[in-house]
Amino acid sequence: MIGGPGDKPRIDELVIESNMADKMYGVYDYNLSELPSLIKRLSLYIAVDTGPIYIAHALGIPLIDITGPCDGREQPPEDK
């Protein structure tokens with residue numbers, strides 16, 4: 001799970017509650033310029049209508065975009 005410093009308590013709680021602490025972890029001490037390098041290490045990226053989905057898509061990382069109020073057809077990945 002990726003978040004900012006203020007997200008640490010909630011992310012830690014979710015990791016523990018998931019019973020997947022050995023497969024899931026939280027990252028909260030990165031800066032925006034480091035985000036592509038972080039995403040490149042992932043085997044799957046799941047996000048909610050955020051800019052980093054474009055980074056994951058550009059890097060060829062499999063992704064799941066949980067679309068919100070916008071039209072899902074406006075978000076990557078594009079099916080062609």
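Which strand does D65 lie in? D65 sits in strand β2, which covers residues 63–65. Here helices are DSSP runs of H or I with at least four residues, strands are runs of E with at least two, and both are numbered from the N terminus. D65 counts as buried, with a relative accessibility of 16%. The cut-offs are these: buried is under 20% relative accessible area, exposed is over 50%, and partly exposed is in between, using a 1.4 Å probe and protein chains only. From D65 to L44 there are 21 residues in sequence and 11 Å in space, C-alpha to C-alpha.

Before going further, a word on what you're looking at. This is a predicted model, so local features need pLDDT of at least 70 and side-chain atom pairs count only at pLDDT 80 or more, while totals for chains, interfaces and linings use all residues. Residues are numbered from 1 along each chain as its sequence is written, and side-chain values use heavy atoms, with hydrogens and water left out.

Now step back to the whole protein. There are three helices and two strands, and starting from the N terminus they run α-α-β-α-β. Along the principal axes, the C-alpha atoms fill a box of roughly 40 × 25 × 25 Å. Of the 80 residues in the protein, 22% are buried. If you take contacts (heavy atoms within 4.5 Å) with a separation of 6 or more, 15% of them join residues 24 or more positions apart.

Let's start the walk at helix α1, residues 8–17, where D12 and K8 are four residues apart, about one helical turn. D12 and K8 form a salt bridge, with their closest N and O atoms 2.7 Å apart. For a salt bridge, a side-chain nitrogen of Lys or Arg has to be within 4 Å of a carboxyl oxygen of Asp or Glu. D12 has 25% relative accessibility, so it counts as partly exposed, and K8 is partly exposed too, at 37%.

The count of salt bridges comes to two, and R10 with E13 makes another pair, their closest N and O atoms being 3.2 Å apart. R10 and E13 are also both in α1, three residues apart, about one turn of the helix. R10 is partly exposed, with a relative accessible area of 44%, and E13 is partly exposed at 37%.

G26 belongs to the loop between α1 and α2, and at 23% relative accessibility it is partly exposed. What is G26 in contact with, leaving aside its neighbours within four places in sequence? The partners are M1, I11 and V15. M1 is 25 residues away from G26 along the chain, yet their C-alpha atoms are separated by 4.6 Å.

Next, the inside. A nonpolar core here is a set of buried Ala, Val, Leu, Ile, Met, Phe, Trp, Tyr and Cys residues joined through side-chain atoms within 4.5 Å. The largest one has ten residues: V27, L35, L38, I39, Y45, A47, I53, A56, I61 and L63. Elements giving two or more residues to this core are α2 (35–40), β1 (45–47) and α3 (52–58). Helix α2 provides the largest share, three residues. Core member I39 is a handy one to click on: leaving aside neighbours within four places in sequence, I39 is in contact with Y45, P52, I55, A56, L59 and I61.

Last stop, the largest pocket, with about 570 Å³ of space. On a 1 Å grid over the protein atoms alone, a pocket is an open set of points, where a 1.4 Å probe fits, with protein on both sides within 12 Å along at least five of seven lines; lining residues have an atom within 4 Å of a point. Points are joined across faces, edges and corners, and the volume is the space filled by probe spheres set on them. The lining has 19 residues, and M1, I2, L44, Y45 and I46 lie nearest the centre. Both α2 and β1 give two or more residues to this lining, with β1 giving the most, three residues. By class, the lining has 16 nonpolar, two polar and one charged residues. Nonpolar covers Ala, Val, Leu, Ile, Met, Phe, Trp, Tyr, Cys and Pro; charged covers Asp, Glu, Lys and Arg; the others, Gly among them, count as polar.
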